[in-house]
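Reader: I would like to learn how to read aromatic contacts and backbone angles in a model. Could we take them in turn?

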Amino acid sequence: LNSVGGMCNAGTLLAVGFEGQPPDKRKALEFYLQSAKLNSAGAMYNAGILFAEGFEGQAPDKSRALGLYLQAAKLNDSYSMFRAGILLSEGFEGQAPDKRRALRLYLKAAELNHARAMYNAGTFLMQSYSGDESVLKQAKDLFSRSAARGISLSMVQLGRLYLGEFSPKWADLEKALFWLERAKSLNDPWAAKYLEKATQYA
């Protein structure tokens with residue numbers, strides 16, 4: 001336990017339990033925080049999860065979680081960027097949502113190939129569309145990268161884009177059906193809804 005990795009690994013074992021021992025998340029948190037002081041992004045992320053969700057009678061502390069995620073984000077941890085983006089986008093503990101900041105974190109995580117961050121960033125951009133076609137192009141590119149990594153939600157968003165839901169300039173029924181069928185093959189619950197809409201256009 002003299003190394004950063006050793007402390008973080010010990011925390012993970014304690015958090016999930018091992019060799020018949022029940023989880024001890026309080027002790028796990030101690031190890032994570034020790035490791036976090038030594039600049040372990042993984043430990044910051046793991047400690048953030050515990051604070052965000054609460055544990056063993058401890059109420060969630062999302063402000064503390066966000067602080068840890070943002071520390072890890074400075075160390076280029078894409079998972080922490082993604083988690084911080086979720087907290088900021090939803091708001092918490094009396095804090096109003098900060099979607100601009102959330103989008104910046106999602107885009108940074110997307111640069112680091114976080115597939116769900118690509119989806120979230122693309123969705124934010126799509127929802128903000130007000131006539132600037134470059135916004136939809138950026139969203140499309142993010143969804144395409146995410147879909148290539150198997151994220152069915154991004155496939156559905158591509159289907160919606162190519163159904164012309166946001167701009168008729170993007171309408172392409174063949175592409176819409178392609179992405180929606182792929183999402184359906186992955187059992188995405190939204191795919192059937194938009195496939196029905198696509199068949200109405202056919």
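Author: Ring pairs link Tyr45, Tyr69 and Tyr79 into a cluster, where rings of Phe, Tyr and Trp (its six-membered ring) pair if their centres lie within 6.5 Å, planes under 30 degrees apart counting as stacked, over 60 as edge-to-face and the rest as tilted. This is a predicted model, in which local features need pLDDT of at least 70 and side-chain atom pairs count only at pLDDT 80 or more, while totals for chains, interfaces and linings use all residues. Residues are numbered from 1 along each chain as its sequence is written, and side-chain values use heavy atoms, with hydrogens and water left out.

Reader: How many aromatic pairs does a search of the whole structure find, and why is the pair of Tyr45 and Tyr69 called tilted?

Author: The search finds 7 aromatic pairs. The ring centres of Tyr45 and Tyr69 are 6.2 Å apart with planes at 45°, so this pair is tilted. Both Tyr45 and Tyr69 are buried, that is, under 20% relative accessible area, whereas exposed means over 50% and partly exposed lies in between (1.4 Å probe, protein chains only).

Reader: What is the phi of Asn39, and is Asn39 buried or exposed?

Author: Most residues other than glycine have a negative phi. Asn39, however, has a positive phi near 70°, and with 55% relative accessibility Asn39 is exposed. Asn113 likewise has a positive phi of about 70° without being a glycine, and Asn113 is partly exposed at 44% relative accessible area.
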